[in-house]
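Here's a quick briefing to read alongside the sequence and the 3D view. Have a look around first, then go through the points below.

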Amino acid sequence: MPKLFSGIQPTGELHLGNYFGAITNWVELQQEHETIYCIVDLHAITSDYDPEVLRENSVNLATDLIASGIDPENSILFIQSEVREHVELQWIFNSVTSYGDLTRMTQFKDKSEKMDFVSAGLFDYPVLQAADILLYRASRVPVGEDQVQHVELTRRIARKFNSRFGEFFPEPEPIVGRGARIMSTADPERKMSKSDHDKHAIGLMEDEDSIWEKVKSAVTDPGKAKGDEMSPGVANLFTLLELTAPESTVEGFREDHREGNLMYIDLKEAVYENLMSEIRPVREKKEELMENRSHVEELLEKGKEKARKIASGNMEEVRKMVGVGPT
Ligand code: AMP
Ligand code: TRP
């Protein structure tokens, strides 16, 4: 089975964008791949963060992932900083990464623009990502659109390493999921995002009343005549409905919209009901897991052991090829 790797930062709570855009994909991909999923805490420290809660956030994220259907028996699920080789390989990769390539990373440009203090770590972030993937010699990487550039850089790093030191790493392919791009309900022109959680994101574990408030007050339009194009807010509600409701329900609402007699409050109620039926089991599973937090920690321990085994074997080879120790 092809080997697949992906990572997610332990910053903030999971929202519906993460869930439908990434996690549900990760769960499906477990079927036909050898999957490795990593909570990338070393990536999180490149921007402002609170060291007091980082660990807790990582374990919490692991809990959410397991509740969502990541099966730690089938997938390797672990915390990045528990496997030292990630950082070691990053340093070696720094020497086969083009400085010019790094200066062209759009995520760095976007993020750094908004910061007072821009760390060198943030600039070097994509090289750590390449090390994450290639440490396990993974050939597939499920990511959102915004990460494709980083996977392409990973391919160039692998190529450069292989040509300099000998064939060792695969050139991994990105897998961009069904493309669910969930927009903020408060401002459907912008992506639902963690950084401005309160208004612009709906949390997977958020209080039910609060979710209903956000769905109910979702921006739509003043109501359109028959045949008018769908506004972004209404389209976003339809996206959420498509992801959670039976086809016949969606078709019914589409028909009403085409005819110009769709009541948005009915659409919102349907979105809320179907969304809750989809995520309620995840929330219940999470509650269960929370009662026995040490169980999640045990699962992470096991994941760490499995990851270490692969990482240390591969790193041994790499050190030999590069001519460095420890020997
Ligand atoms: P982030 O929260 O940006 O670290 O993203 C974690 C994962 O969720 C990545 O794979 C993103 O592509 C995905 N993601 C984040 N926001 C959205 C969104 N609004 N719609 C769809 N996918 C998203
Ligand atoms: N950079 C990714 C993000 O911001 C997270 C990430 C870190 C990752 N390492 C990875 C994704 C390796 C895929 C593979 O979402």
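**Two glutamates and a helix pair**

Glutamate 32 sits in the loop between α1 (16-29) and β2 (34-39); helices (H or I, at least four residues) and strands (E, at least two) are DSSP runs, numbered from the N terminus. Keep in mind that this is a predicted model, where local features need pLDDT of at least 70, side-chain atom pairs count only at pLDDT 80 or more, and totals for chains, interfaces and linings use all residues. Residues are numbered from 1 along each chain as its sequence is written, and side-chain values use heavy atoms, leaving out hydrogens and water.

**Glutamate 32**
- Glutamate 32 counts as exposed because its relative accessibility is 60% (exposed is over 50%, buried under 20%, partly exposed in between, with a 1.4 Å probe and protein chains only).
- Leaving aside residues up to four places away in sequence, glutamate 32 touches Met1 and Pro2 (contact means heavy atoms within 4.5 Å).

**Glutamate 85**
- Glutamate 85 belongs to helix α4 (residues 85-94).
- Glutamate 85 is buried but has no salt bridge (a side-chain nitrogen of Lys or Arg within 4 Å of a carboxyl oxygen of Asp or Glu).
- The nearest side chain of opposite charge to glutamate 85 is arginine 319, 4.7 Å away.

**Helices α7 and α8**
- Helix α7 (residues 120-135) packs against helix α8 (residues 148-165) at about 70°, their axes 9 Å apart.
- So α7 and α8 are roughly perpendicular to each other (65 to 115 degrees).
- Among the contact residues are Tyr125 and Pro126 of α7 and His150 and Leu153 of α8.

Methods:
Chains lettered and ligands numbered in written order. Lys, Arg positive; Asp, Glu negative; His and termini not counted. Axes fitted to C-alpha atoms, helices over the stretch in contact; angles between N-to-C directions. Parallel < 35°, antiparallel > 145°, perpendicular 65-115°, else oblique.
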